Amino acid sequence: MGRPMTGAVQDGAARPMTAVRAAGYTSSLTRGSTFDPLGQSKGPAPSLEAKNEDTPEEKIKILEKKVNDLIEESCMAQSTGALQLALEKAKEAGRKERALVRQREQSGNADHINLDLTYSVLLNLANQYANNEMYPEALNSYQVIVKNKMFSNAGRLKVNMANIYVKQKNYPKAIKFYRMALDQISNAHKEMRIKIMQNIGVVFVRMGQYSDAITSFEHIMSESPNIKTGFNLILCYYAIGDRERMKKAFQKLISVPLGIDDDDKYIPSNDDTDSSMVIEAIKNDKLHQMERDLKVLAEKYIMTAAKLIAPAIETSFATGFDWCVDMVKNSQYVELANDLEINKAITYLRQKDFNQAVETLKTFEKKDSRVKSAAATNLSFLYFLEKDYDQADRYADLAMTADRYNPAALINKGNTVFVKQDYEKAAEFYKEALRNDSSCTEALYNLGLTYKKLNRLEEALDCFLKLHAILRNSAQVMYQLANLYELLEDPQQAIEWLIQVLSVTHTDPQALAKLGELYDGEGDKSQAFQYYYESFRYFPSNIDVIEWLGAYYIETQFCEKAIQYFERATLIQPTQVKWQLMVASCYRRSGNYQKALETYKDIHRKFPENVECLRFLVRLCTDMGLKEVQDYATKLKKAEKMKEIKEQRVKSGREGSARGRRENREGSAGSAAGVSTPVLTSPKKASIMVSQSESKQLSPLLDSGRDSGHSSNSTKGERLSAKMRSLPGSNEPYEASSPKEIDASYVDPLGPQMERPKTGAKRRVEDDDFADEELGDDLLPE
């Protein structure tokens with residue numbers, strides 16, 4: 001038949017021309033199959049087989065995942081502070097893990113137990129017990145881990161057990177476990193061993209075994225010195241009183257390398273733009289913040305150590321400070337030398353040696369601006385306390401010139417202007433201090449006081465409300481708010497704030513008295529009596545409180561109870577006759593006429609010219625039929641006549657002085673061209689009393705223990721104190737009609753010292769209360 005031709009059609013299909021086309025390609029769809037290299041024409045792939053979760057292996061995997069999830073949830077709850085929830089999750093993880101172990105044993109896979117998972121569950125449970133202060137349970141859980149030989153490196157958990165014993169104050173056992181942990185940690189883990197040694201030293205300090213603590217700390221300082229251990233070593237040497245070793249330890253402390261870069265590294269260069277961008281990015285990153293915190297901590301330890309050992313290493317604290325300053329100047333902490341000098345001045349202040357403190361601070365006037373500003377601020381503060389306002393103003397200006405952004409200097413300047421009663425200018429300085437440091441509470445407080453002086457009560461209220469948001473438990477701030485609400489005629493709000501004051505200082509007598517006054521003004525006598533009585537209980541020498549309580553008992557017809565209060569008033573003010581008359585009146589009203597007669601006679605011996613006393617003596621003697629009635633009647637007439645003569649003299653004297661002033665005015669008007677004759681007048685003292693809170697300032701480098709928050713009442717002008725009368729000083733004129741008032745404040749150690757609220761809503765007991773009794777009517781004191 002012969003060879004078939006290439007490309008001939010056989011059986012309806014053309015012979016493939018393999019030499020001219022690729023596999024799978026055909027030029028005619030009708031002559032061959034379609035192009036489908038991926039086999040998509042076969043349809044979708046069959047579905048995957050469903051996982052069989054009933055197999056033991058799958059159940060074990062699911063349980064393991066649940067246990068891990070519970071451990072993570074427990075740790076997350078603990079990190080957010082939900083300690084009880086964390087413990088519950090840890091317990092549930094423990095239960096699931098035990099179920100997992102049982103399931104493995106049932107399936108015959110006991111050899112494949114996940115030890116890491118068991119370790120994690122037990123350790124997390126022990127930690128959560130410790131966080132919840134369930135120490136016995138925590139120790140049991142740690143003990144289970146430590147005793148299991150299958151857990152490698154479990155011995156170091158004895159450190160956790162020792163920490164628990166420290167919290168339980170079982171110090172001997174804590175040291176035992178620390179040492180056991182130390183024995184099980186190899187020398188390769190040097191940092192861990194150093195931390196355990198440091199804990200051992202701290203526990204020895206708590207036990208008072210300073211020699212053993214010194215041994216631990218000295219070993220650390222020789223192996224791997226650090227700031228905290230160096231400071232602890234100085235404390236131990238100070239406790240045993242070893243001067244020379246204190247000096248050596250201080251030298252070691254200031255030579256400890258911090259391992260941080262200089263701040264110059266973070267100064268951008270103008271030449272290289274790329275490096276400047278990198279420096280800008282890392283200037284405030286967490287690493288640089290950590291370096292700054294470490295440096296601040298080191299400076300704090302060095303300053304504290306220097307202040308501690310300076311009085312102990314030499315015969316005088318000044319010599320000790322000088323030695324510390326010399327050592328610091330030769331170390332990497334050169335900038336701390338000036339701060340130590342300022343602390344030296346503050347130490348002089350604590351010892352009441354003001355002259356030495358001033359001299360020390362004056363040496364900084366030629367130093368750099370930062371130190372000069374701090375020293376001038378402190379000098380301004382000192383002169384202000386001594387009421388040398390001109391010097392205080394000068395040094396405040398000097399501090400502001402050296403550093404205009406120093407808020408303490410601006411506050412001191414504002415205070416010097418405040419005492420000169422230039423309140424608008426003082427407010428500007430306080431505002432500037434707040435612009436420089438928005439968290440400066442002293443400036444905000446003083447600004448509120450200034451607004452109150454200017455009678456801008458709403459603005460003052462705004463200042464103190466902002467301050468209360470910062471200082472939530474400041475009794476001075478809350479008292480100022482109460483006082484402002486009282487001035488704004490909102491007594492209910494004032495009462496609410498005073499109750500908050502008492503929640504902070506429960507025994508402050510003046511706050512209690514103020515509450516009593518407010519309740520009395522509201523007409524609530526029972527509440528007023530309760531607070532006045534509490535105030536009297538804590539401070540039984542407040543004459544206003546005593547007077548109110550006495551009047552209250554007279555008003556309620558309990559004259560016998562009023563006697564004790566008026567007798568106490570007599571002890572406080574023995575020269576005031578009205579208290580003794582009130583005592584006698586209470587005896588008479590209660591029906592004890594004999595005691596009343598004796599009291600009136602005693603009053604007559606002390607005050608023989610008192611007309612009221614003689615009237616009552618005449619009346620009592622007449623009623624009781626005594627023979628002395630004629631004698632007392634004669635004395636009464638003489639006393640009334642003398643009183644009338646005195647009143648006429650006073651009246652004529654006033655008329656004469658008024659007539660003389662008119663003649664002087666007419667004479668001066670008629671002789672304008674003549675030489676005037678000087679008229680000598682008695683000098684008049686013009687004093688400005690500013691409460692300590694109104695002159696409040698704090699220097700950042702001064703002792704913060706001084707009181708800086710006494711409240712003041714600008715409108716009523718009274719301090720929260722008992723006023724006593726005294727003779728004037730040697731440089732003051734003596735005026736019998738206006739004796740000087742000195743402040744004899746009672747300072748409650750638990751309560752704030754606040755200005756004295758004016759007690760205006762109480763009943764007054766006056767001498768005139770007794771004039772109507774001659775007519776036979778017993779009138780209540782009004």
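1. H604 lies in helix α29, where helices (H or I, at least four residues) and strands (E, at least two) are DSSP runs numbered from the N terminus. At 10% relative accessibility, H604 counts as buried, the term meaning under 20% relative accessible area, with exposed meaning over 50% and partly exposed in between, for a 1.4 Å probe and protein chains only. Apart from neighbours within four places in sequence, H604 is in contact with C613, L614, L617, Y632 and K635, contact being defined as heavy atoms within 4.5 Å.

2. A word on the basis of these values. The model is predicted, with local features needing pLDDT of at least 70 and side-chain atom pairs counting only at pLDDT 80 or more, while totals for chains, interfaces and linings use all residues. Residues are numbered from 1 along each chain as its sequence is written, and side-chain values use heavy atoms, with hydrogens and water left out.

3. On the overall composition, the protein has 31 helices and four strands. Of its 782 residues, 41% count as buried. Among the contacts with a separation of 6 or more, 55% are accounted for by residues 24 or more positions apart.

4. The structure holds 26 salt bridges, a salt bridge being a side-chain nitrogen of Lys or Arg within 4 Å of a carboxyl oxygen of Asp or Glu. Side chains of opposite charge can pair when their charged atoms come close. One of the salt bridges joins E609 and K646, whose closest N and O atoms are 3.4 Å apart. This pair links distant parts of the chain, since E609 sits in the loop between α29 (593-606) and α30 (611-624) and K646 in helix α31 (residues 629-670), 37 residues apart. E609 is exposed, at a relative accessible area of 55%, whereas K646 is partly exposed, at 43%.

5. Salt bridges also occur within single helices. The side chains of E191 and K195 meet in one, at 3.9 Å from N to O, and the two residues are four apart in helix α7 (residues 190-207), so that about one helical turn separates them. E191 counts as exposed, at 57% relative accessibility. E428 and K431 likewise meet through their side chains in a salt bridge, at 3.9 Å from N to O; both lie in helix α19 (residues 423-436), three residues apart, or about one turn of the helix. E428 is partly exposed, with a relative accessible area of 42%, and K431 is partly exposed as well, with 26%. An α-helix has 3.6 residues a turn, so residues three or four places apart point the same way.

6. A network of salt bridges links E218, D242 and R245. The contact is made by I227, G230, F231, L233, I234, Y237 and Y238 of α9 and by R245, M246, A249, F250 and L253 of α10. By class, it has ten nonpolar, one polar and one charged residues, where Ala, Val, Leu, Ile, Met, Phe, Trp, Tyr, Cys and Pro count as nonpolar, Asp, Glu, Lys and Arg as charged, and the others, Gly among them, as polar.

7. Helix α1 (residues 56-79) has 24 residues and reaches 35 Å from its first C-alpha to its last, close to the 34 Å expected at 1.5 Å a residue, the expected span being 1.5 Å times one less than the number of residues. Its buried residues include E58, I60, L63 and E64, and what covers the buried residues of α1 includes α2 (83-106) and α3 (115-131). Just after α1, G81 takes a positive phi of about 95 degrees.

8. Two further positions deserve a mention. G94, found in helix α2, is buried, with a relative accessible area of 6%; G94 and N124 are 30 residues apart in sequence and 9.4 Å apart in space, C-alpha to C-alpha. R394, placed in helix α17 (residues 389-402), counts as partly exposed at 44% relative accessibility.
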